[in-house]
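Take a look at the structure below. We will walk through it one piece at a time.

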2 protein chains.
Amino acid sequence: VRAGDKPAVLELIEDLHVADLADLLEQIDSETRRQFLDMAWSDIDQEVLVEVEEGVRDDILSWLEPERLAEAAREFETDDVVYLLEDLDEEQQRQVLEALEPEDRVAVAKSLTYPEYSAGRLMQTDFVKAPPFWTVGQMIDFLRASAGELPEQFYDIVVVDPAMKPVGTIPLSKIIGTRRPVTLSALMDEDFRTLHVEDAQEDVAYAFKQYHLVSAPVVDDDGRLVGVITIDDAVEVLDDEAEEDLKRLGGVGDEEISDRVWEITRQRFPWLGVNLMTAILASLVISLFEGTIQQIVALAVLMPIVASMGGNAGTQTLTVAVRALATRDLTPTNAMRVVARETVVGFFNGVGFAIVMGLIAWFWFEDPHLGMVIAAAMVVNLLVAGLSGILIPLALDRAGADPALASGTFVTTVTDVVGFFSFLGLAALVLL
Amino acid sequence: VRAGDKPAVLELIEDLHVADLADLLEQIDSETRRQFLDMAWSDIDQEVLVEVEEGVRDDILSWLEPERLAEAAREFETDDVVYLLEDLDEEQQRQVLEALEPEDRVAVAKSLTYPEYSAGRLMQTDFVKAPPFWTVGQMIDFLRASAGELPEQFYDIVVVDPAMKPVGTIPLSKIIGTRRPVTLSALMDEDFRTLHVEDAQEDVAYAFKQYHLVSAPVVDDDGRLVGVITIDDAVEVLDDEAEEDLKRLGGVGDEEISDRVWEITRQRFPWLGVNLMTAILASLVISLFEGTIQQIVALAVLMPIVASMGGNAGTQTLTVAVRALATRDLTPTNAMRVVARETVVGFFNGVGFAIVMGLIAWFWFEDPHLGMVIAAAMVVNLLVAGLSGILIPLALDRAGADPALASGTFVTTVTDVVGFFSFLGLAALVLL
């Protein structure tokens, strides 16, 4: 299609939602993407810049002249401009900022002073506020009079006092269903959640999910209203945080499916390096028992089973723990109860598989003692797996680190070392 | 606190949001929970029933008499009632249904006829619709007149034709900012997304995230409007789906942090059983080379390293693939490109770690040939890890299965078997 036939291409993408267009741009290769953009940039919804993922955006930004970028940014909401500017170098930032209208420029520059991944970066500075003494009628007249300047979408009115402190919020559905003479102060909900500009984005997302919010006012250090965060931004963050946990547990960084070979190789290498070191540690444990293995080769055959079962059981516990920490269902209140429970679960599963594997080993190698040794090692390792699967993420969390980060490697290191040591050690004691 | 001092307890929980109250109920043990509910049930927000997680809800439902449950359910939104009824047995369902107002009863019973996890179960049957010829003034007057009967929260008006087919949607922010004489047909957005009652809930969540929706009309087979889904339900589903992927990759089922020991043991056992079988498969491969290991015990020491590196590399690829399939970033269009890329990444990382590990083995066991053997096995296994990490989830997805389910076990089975076979096989060929 991209053989230069512009009308045909435009017709094809005409009905696409901007988010689908972004997906399309992510799926084609870089060269086709540039050809497409050369052809169609001025005809497409330029908000696609905000929709595409980072790698693709960088690629587009390196293609787009700063003037055209600045021109596009003028049409965006302020939170989208902030999001876009975060990735640019200073010179590019300056050019875009200069192109904005003075009011937006101040707001965007201000947002950029807040820490990355904070509420201040997520918020829209364009919002609707009103004093408590206004009536519903005045509110509606004001909104009608300022029709052209309202935010694209808003769901609540923030009621503020003369010092710009929010004193209540009113959903539009309530305003529109109320008669004109009623004052806002009679209508407003005074029991509402405010966010602070420096709140971490994951706390923002948590508040939206927990309290079913659709929008929430953001205040600065003096408690003054400076912006509003809407649900679409919170959904984005919620999804990003879930993705981060999943990827960290899988031992991958920030990569996207559209990243290039070199980038991916470079990102995965350090994780595999850590794994190599822990694997060597486990090998050192095995090497302590070289003599034992030489006499009973069956040990070499069976030892990966003990380690593998421990690794799996530990990963199960770890997964549940990381998720429960992320959703704040695992707290200091119930931590001790959960640790105790995991220990018991580890013991029960350990006994179950000890019996199964003990019998298998006995009949396979026709040696009841070998069966007893692997059974005992299985109980020990699954018990340790349960304990380390819960204690390691709890400890990382308490230390202020992300419990998903690297904990998978820690847990499997523990279960490998304990698995090999208990199995080979017991074998050396009992069978020789 | 729960020593029977009711006023003190009530004061403590007075300012709690219902979602926080739910968290509290999840964190205390079952007995304290019942004592607390005996004391405070009639004073708390009974919507807490909808907020708590499944295990705790079942516990509360077994404590709550059907009459009191039915009474509570009368105050809920219809989608919440549906959600609650899903878990009850038929007798309980009947009792609750009978207590509802006739209109709600019909709506709830109808919702229950749709498949589980479908749009029909998620939707609210209480929504605001209007004909296109109404003016903004008529709309506002209608809303004011029916103030008491409006849904608790709504964000859009659905414009319907005489056959109840949706023809457009209008956000409240647009209605409220427009003068009274304008007709809805002039205001409405005709390019909106409709969902079908039988759409899977994950498709619903995807649509909300992708198109930044806050609410969407749901139609039946005849295209008639039967309900509306709002963003809070979609957020819930999005979060559940992310949790499901994470847990399935970690080899755990549906368990929650508040589940009991026996439940958890029973849920984890089958996964560990599958792992045991695959571990035995790997052991069978090792047993083919018992003779080789007896002659060179160093092989037993080093072999877990090759398997472990393969398992990790495979899990990395798998994690990215599962996530990309869930977010629909990995599609038939780019699948071949991604497979090719993973192969190359696997090869590069394989070569890198082959050099590192080859040198380590050479110096550790003072045998250059052993170093060469482990290096070659490393390249083979990381290549296979990359390939199986991407091909297995793609194949599961194409077959209509969940790519997260069991794929971790498949991938590590492949990398274990290939790892042991390539390392020990090459050793038997080269070193003996």
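Start with strand S6 of chain A, residues 225-230, in this predicted model. Here 6 of the 6 residues are buried, so the strand is largely enclosed by the rest of the structure. Buried means under 20% relative accessible area, exposed means over 50%, and partly exposed lies in between (1.4 Å probe, protein chains only). Strands are DSSP runs of E with at least two residues, helices are runs of H or I with at least four, and both are numbered from the N terminus.

What joins S6(A) to strand S5 of chain A, residues 215-219? There are 5 bridges, and the two strands run antiparallel. Two strands pair if DSSP finds at least two bridges between them. Val218(A) has Gly227(A) as its bridge partner in S6(A). The hairpin of S5(A) and S6(A) has 5 residues between the strands. In this hairpin, Gly223(A) takes a positive phi near 80°.

Now step back to the whole of chain A. It has 21 helices and 6 strands. Of its 432 residues, 57% are buried. The C-alpha trace spans about 90 × 60 × 35 Å along its principal axes. The radius of gyration of chain A is 29 Å, whereas a compact globule of 432 residues would have one near 22 Å. This radius is taken over C-alpha atoms, and the globule rule is 2.2 Å times the number of residues to the power 0.38.

Turn to chain B for another sheet. It is open, and its 3 strands lie in the order S1-S2-S3 with mixed pairing. Strand S1 (129-130) and strand S3 (166-171) of chain B are the edge strands, each pairing on one side only. S1(B) and strand S2 of chain B, residues 156-160, pair in the parallel sense over 2 bridges. Ala130(B) stands opposite Val159(B) in S2(B).

Chain B also shows two packed helices. Helix H18 (residues 298-326) and helix H20 (residues 368-398) of chain B pack at about 30°, with axes 8 Å apart. H18(B) and H20(B) are therefore roughly parallel to each other, a label for angles under 35 degrees; over 145 is roughly antiparallel, 65 to 115 roughly perpendicular, and the rest oblique.

A note on the method. Residues are numbered from 1 along each chain as its sequence is written, and chains are lettered from A and ligands numbered from 1 in the order in which they are written. Local features need pLDDT of at least 70, side-chain atom pairs count only at pLDDT 80 or more, totals for chains, interfaces and linings use all residues, and side-chain values use heavy atoms, leaving out hydrogens and water.

Key. Axes fitted to C-alpha atoms, helices over the stretch in contact; angles between N-to-C directions.
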